[in-house]
Amino acid sequence: MHNYYPFVNYPLPYPFQAMEPYIDIQTMYLHKTRHLQTYVDNLNRSLEQYPRWQRVPLEKMLADIEALPEELQTPIRHNGGGVYNHRFFFAGMLNNRQQPAGRISGKIGKQYGGLSAFYTQWKKVALSVFGSGYAWLVLDGEQNLRIITTANQDTPLALGLKPLLTIDVWEHAYYLKHQNRRADYIDDWFHVVNWDRVNRRLEEAERESEK
C-alpha cells in the first residue's frame, strides 16, 4: 500500500459485515465506499497541480502542515486528514473479542489501573468531542499513553504524537444503527478493538523514539 499521490481507497482487510452486530454492514459500507472515497478523490484533486508534493508521504504532510504552500494547507488538513484518520480507524478493528495483552496491557495497567478504568476514561473523552471528530490513544514524547481528541479531520501527527488507536465519532460512523446514542456506539465499538494492531503500533512508536 503506497501512501502518496495518487491515493487509492484500498479494500478493507475484512468483509463489510465483519463487525456485526456491533457496527452494522450498511454503516461500514457507506463509511468506506462513500465517505472515505470522497476524501480520497478530494485529496487527489488537491494535489493534481503540485508535482513537488505528489511523492511526499501523507503522514509527513500532515505532521508539518505549515511546510505546505498556503493554499494547500487547508485541503490537506481536511482531505488528507480524512484519508489518514479513516484508514487508521478501519485498520484498528477486528471482531474477535480481544483483550489487551503484551506491552499495551502493561502500560494500560500502569497508567490507568486496568482495562475497566481505562475504558471509563476513554468513553468520557470520546463523549466530550463537540460535533465531529475523533478520540485517540497516543504515545507522547515521554513514552506515556494519553487519550486525546481531535476536531473534524485533524490528526495527532500535527501535535508530534504517535497514534495507537482511534474511534471515529462523526455521526456518519454510527447514526444508522445507534441514531444519536453515541455512548451506545462507543460501548459496541470497544468490542471490536484490534489490540494486536495496537501492540504493533506501540512497538513501532517505541522503536522510532529510540532512533
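Let's start with arginine 103, which makes a salt bridge with glutamate 206; their closest N and O atoms sit 2.6 Å apart. A salt bridge here is a side-chain nitrogen of Lys or Arg within 4 Å of a carboxyl oxygen of Asp or Glu. Since arginine 103 belongs to helix H4 (residues 102–112) and glutamate 206 to helix H8 (residues 195–210), the pair ties together parts that are 103 residues apart in sequence. Helices (H or I, at least four residues) are DSSP runs, numbered from the N terminus.

How open are these two? Arginine 103 counts as partly exposed, at 44% relative accessibility, while glutamate 206 counts as buried, at 12%. Buried means under 20% relative accessible area, exposed means over 50%, and partly exposed is in between (1.4 Å probe, protein chains only).

## What kind of model this is

This is a predicted model: local features need pLDDT of at least 70, side-chain atom pairs count only at pLDDT 80 or more, and totals for chains, interfaces and linings use all residues. Residues are numbered from 1 along each chain as its sequence is written, and side-chain values use heavy atoms, with hydrogens and water left out.

How many salt bridges turn up in a search of the whole structure? The answer is four.

Aspartate 187 is partly exposed, at 29% relative accessible area.

Then there's arginine 181 with aspartate 184, whose closest N and O atoms are 3.0 Å apart. Arginine 181 is partly exposed at 37%, and aspartate 184 is partly exposed at 35%.

Terms used
Helix = DSSP H or I, 4+ residues; strand = E, 2+ residues; numbered from the N terminus.
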